[in-house]
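Subject: Handover of the two-chain model

Dear colleague,

Please find the structure below, followed by notes on what was found in it. I would be glad if you could read the two side by side.

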Amino acid sequence: MVMWPVWTLALVAVTLLLLSFRADLDKAHVILVFLLVILGASAAGGRALGVVLSLVAFVIFDLVFLPPYGTLVVRNPLDWLALVAFLVTSLVAAQLLYMARAQRAAVEREMAAREGERLKDALLAAVSHDLRTPLTSIKGLAHELSQDGDERAAIIEEEADRLNRLVTDLLDAARMSAGNFPVAPQPNALDDLLGVVVRQFAGRADRNRLEVSLDRPDELVIGMFDFVQTLRIVTNLVENALKYSPVDAHVQLSGGAEGGRMVVRISDRGPGVAEHGESRALDTAYGDTRSVSAGLGLSIARGLAAAQHGSVDYEARAGGGSVFTLFLPLAEPDAP
Amino acid sequence: MIIEDDPPIRRVLRHALESDFDRVLEAGTAAAGIDLVASEQPALVVLDLGLPDAEGVEVCRELRAWCVAPILILSARHSESEKVTLLDAGADDYITKPFSTVELQARVRALLRRASVGNAPSLRIEFGPYVMDLAGRTLRRDGEIVHLTPIEWELLRTLAVNAGRTLTHTQLFGAVWAGRRYGDAQQYLRTHIANLRRKIEDDVLDPRYVVTEPGIGYRFAGTS
């Protein structure tokens, strides 16, 4: 705000200076000097100062430098032209300077944000590398041992996989809380999504407990979703369902289209979450009775669904268990 | 030929590859690895991305400039976009740490098989009950013609000729829509793949021939 008195004084000083040899001056001299002052004020003090000084200078110009002096009357009609042109030029100059400044500020903000994102990515990549390198040799060596017939080695291999999934979830959660989880929805086939889920669970001992189906096998459902992130959602939900169902119970994964949306359902025979209240269930995910990783998985699933205009709902299942439903938009039907 | 900086993982890799190769060479840095590839001309290169002395993409690009052997990338990182960059830079396939030894061996064998037939392009490709006649542009299942649209045929042909290689969305698009303007149609690639699968796969929820690499592209696994 210190700019206001400074530039007002500058305008007054310039006016007095010009006034002292008014007789020798042409109108253009006055206009150009005033414009310089207004440009300086706009640059240093912003748009509001520039506009106010433009109006003040406009009045001074008329009162002091256009005959008859001391009145707002203008004798020569052509002087109106100079007067109005001066006002418009100074207002436009103030506005342009303001816009240029705003643009620069926006660019600087964006560069700072991008730099922060790059650093976060680099950090997460380093953590990911450091955690997965030992897991890789543990898993590989356990595989060698299992070929020598040691049954315990197979357990080590599976536990290494489990730890790796936890690492993935933690990194995902870190990324999401940093607001750094870009989703890029594209037309994708439901077939493809469920097929990849099947393949991800194919290597596991409990693969036979997962039953996958399409509601209408003849119908090709194309949703509008980010494939990789949606895969994370479904994998997390299936993972939880398998983990908390009795070991002999099956988990059903099905997909279809309903009411203009793509729908993926995961049904289990787990203990359910009703005792916590249904809405809380999705936030803290099973609270104290289940493990941290389940909660992480669910909150990630929910955040990712919301980011691509979808949602994850929970219902208690008739006969015991839970049904988690993922809703996502369908693709526009103009695909060739 | 293994280029990997972590000794325990090198040991696991050597053990996994010894069944398919007479000789397995190892290097712990990019510089040493590039020298060894140049002097020994291995049949396959397994390249780790997290090397201490160079960026994985640069190593891959440099090797690809003069080395014809298939390059299999090992990556501990998360980012699909990085894998896409590597495949576009000339890598043939990638596998994520921690990998399963069985999966690694399967990928290596698929790459070797393709490298061995790569020099003599054949006019017939057989997979499962199917025979592709590349000259006649027909696909038969047990002798019966399977009707494919021109785009589906081109997709299948490109994937099958590159069996074992993971092709990125961009690479596939470039091959199938060659000459057309690059644009929004790329997103319909996935829809064409889904339609193709419905014609050739027995179970679309468990595809055997056209395998999805999430966020990256597709790989033909039919002839393995």
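Which residues are buried in helix H2 (residues 30–40) of chain B? They are Ala30(B), Gly33(B) and Val37(B), where buried is taken to be 20 or more other C-beta atoms within 10 Å of a residue's own, exposed 12 or fewer, and partly exposed in between, with C-beta atoms placed from the backbone. Seen down the axis of H2(B), these buried residues fall within an arc of 60°, so they line one face of the helix; the arc is that of the directions from the helix axis to the C-beta atoms.

Before going on, please keep in mind that this is a predicted model, in which local features need pLDDT of at least 70 and side-chain atom pairs count only at pLDDT 80 or more, while totals for chains, interfaces and linings use all residues. Residues are numbered from 1 along each chain as its sequence is written, and chains are lettered from A and ligands numbered from 1 in the order in which they are written. Helices (H or I, at least four residues) and strands (E, at least two) are DSSP runs, numbered from the N terminus.

The face of H2(B) turned away from the buried side carries the exposed residues Asp35(B), Ala38(B) and Ser39(B). The cover over the buried residues of H2(B) includes strands E1 (2–3), E2 (26–27) and E3 (45–48) and helix H3 (56–66), which belong to chain B. The axes of H2(B) and H3(B) come within 11 Å and cross at roughly 15°, which makes H2(B) roughly parallel to H3(B); axes are lines fitted to C-alpha atoms, for helices over the stretch in contact, and angles run from 0 to 180 degrees between N-to-C directions, with those under 35 degrees counted as roughly parallel, over 145 as roughly antiparallel, 65 to 115 as roughly perpendicular and the rest as oblique. Ala30(B), Ile34(B) and Val37(B) of H2(B) make this contact with Val59(B), Glu62(B) and Leu63(B) of H3(B), contact being C-beta atoms, placed from the backbone, within 7 Å.

Further along chain B, helix H6 (residues 150–161) and helix H7 (residues 169–176) pack at an angle of about 125°, with their axes 9 Å apart, and that makes H6(B) oblique to H7(B).

As for the contact between the chains, 36 residues come from chain A and 30 residues from chain B. H4(A) gives the most to the side of chain A that touches chain B, with 13 residues.

Best regards

Key
Two residues are in contact if their C-beta atoms, placed from the backbone, lie within 7 Å.
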